[in-house]
Amino acid sequence: MEGPIRLFTVIALVSLPTVMYGGYALMGVLRDRKLTEHQRGMFRAGHAHAGVLLVLALVALQILGQTGLPDAALWIVCFLLLFGVLAQSGGFFLHLAPGKGKLGGRVTGAGAVLLGAAILTTAYGVAFAR
């Protein structure tokens, strides 16, 4: 493992404890009942998406390392994964801010598009591996 795959694997692994802490914080917020039901749902969704998508990114990075795609493509896919995870989960957290619901939906949707592009590019690399 080298280059962008190593770097982005480290970034994903270091990010996982922040998601774990988010779960702990979520328990406190739910216990104290400081959020509306809608805000609690968005907090849960953002937190859950962040954790699952980081694990997906770690798996995709390992597969990506076996594809033989050129370095430029590896960098692009790694950035798509990173920004896709941040946008997909972050959009839910934007819903927590008053008046930011539409923006949160757009950011979440953009994250889905970025992740889709990353996964499809990885699939292309697997299908046509050298």
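This is a predicted model: local features need pLDDT of at least 70, side-chain atom pairs count only at pLDDT 80 or more; totals for chains, interfaces and linings use all residues.

Reader: Noted. How many helices and strands are there in the protein?

Author: The secondary structure comes to 4 helices and 0 strands. Along the sequence the pattern reads α-α-α-α.

Reader: And what does the C-alpha trace span along its principal axes?

Author: About 55 × 30 × 20 Å.

Reader: What about surface and burial? What share of the residues counts as buried?

Author: Of the 130 residues, 38% count as buried. The accessible surface is about 7600 Å², and carbon and sulfur atoms account for 70% of that surface.

Reader: OK, helix packing. At what angle do H2 and H3 pack?

Author: Helix H2, residues 37-64, packs against helix H3, residues 71-94, at about 170°, and their axes are 7 Å apart. Angles over 145 degrees count as roughly antiparallel, so H2 is roughly antiparallel to H3.

Reader: Which classes of residue make up that contact of H2 with H3?

Author: There are 17 nonpolar residues, 5 polar ones and no charged ones.

Reader: Now the core. How many residues has the largest nonpolar core, and which have the most contacts inside it?

Author: That core has 23 residues, and those with the most contacts inside it are Ile5, Leu54, Leu61, Leu64, Cys78, Leu81 and Val85. Helix H1 (3-32), H2, H3 and helix H4 (101-127) each give two or more residues to this core.

Reader: Which helix gives the largest share?

Author: H2, with 8 residues.

Reader: Leucine 81 was on your list. What does leucine 81 touch?

Author: Leaving out residues up to four places away in sequence, leucine 81 touches Ala57, Ala60, Leu61, Leu115, Ala118 and Ile119.

Reader: Switching topic: where is serine 15?

Author: Serine 15 sits in helix H1. Its relative accessible area is 23%, and serine 15 is partly exposed.

Reader: Why partly exposed and not buried, at 23%?

Author: Because buried means under 20% relative accessible area and exposed means over 50%, with partly exposed in between, and serine 15 has 23%.

Reader: Last one: how far apart are serine 15 and methionine 27?

Author: They are 12 residues apart in sequence and 19 Å apart in space, C-alpha to C-alpha.

How values were computed: Residues are numbered from 1 along each chain as its sequence is written. Side-chain values use heavy atoms; hydrogens and water are left out. Axes are lines fitted to C-alpha atoms, for helices over the stretch in contact, and angles run from 0 to 180 degrees between N-to-C directions. Angles under 35 degrees count as roughly parallel, over 145 as roughly antiparallel, 65 to 115 as roughly perpendicular and the rest as oblique. Ala, Val, Leu, Ile, Met, Phe, Trp, Tyr, Cys and Pro count as nonpolar, Asp, Glu, Lys and Arg as charged, and the others, Gly among them, as polar. Buried means under 20% relative accessible area, exposed over 50%, partly exposed in between (1.4 Å probe, protein chains only). Accessible areas come from the Shrake-Rupley method with a 1.4 Å probe; for residues, only the protein chains shown count as cover. A nonpolar core is a set of buried Ala, Val, Leu, Ile, Met, Phe, Trp, Tyr and Cys residues joined through side-chain atoms within 4.5 Å. Contact means heavy atoms within 4.5 Å.
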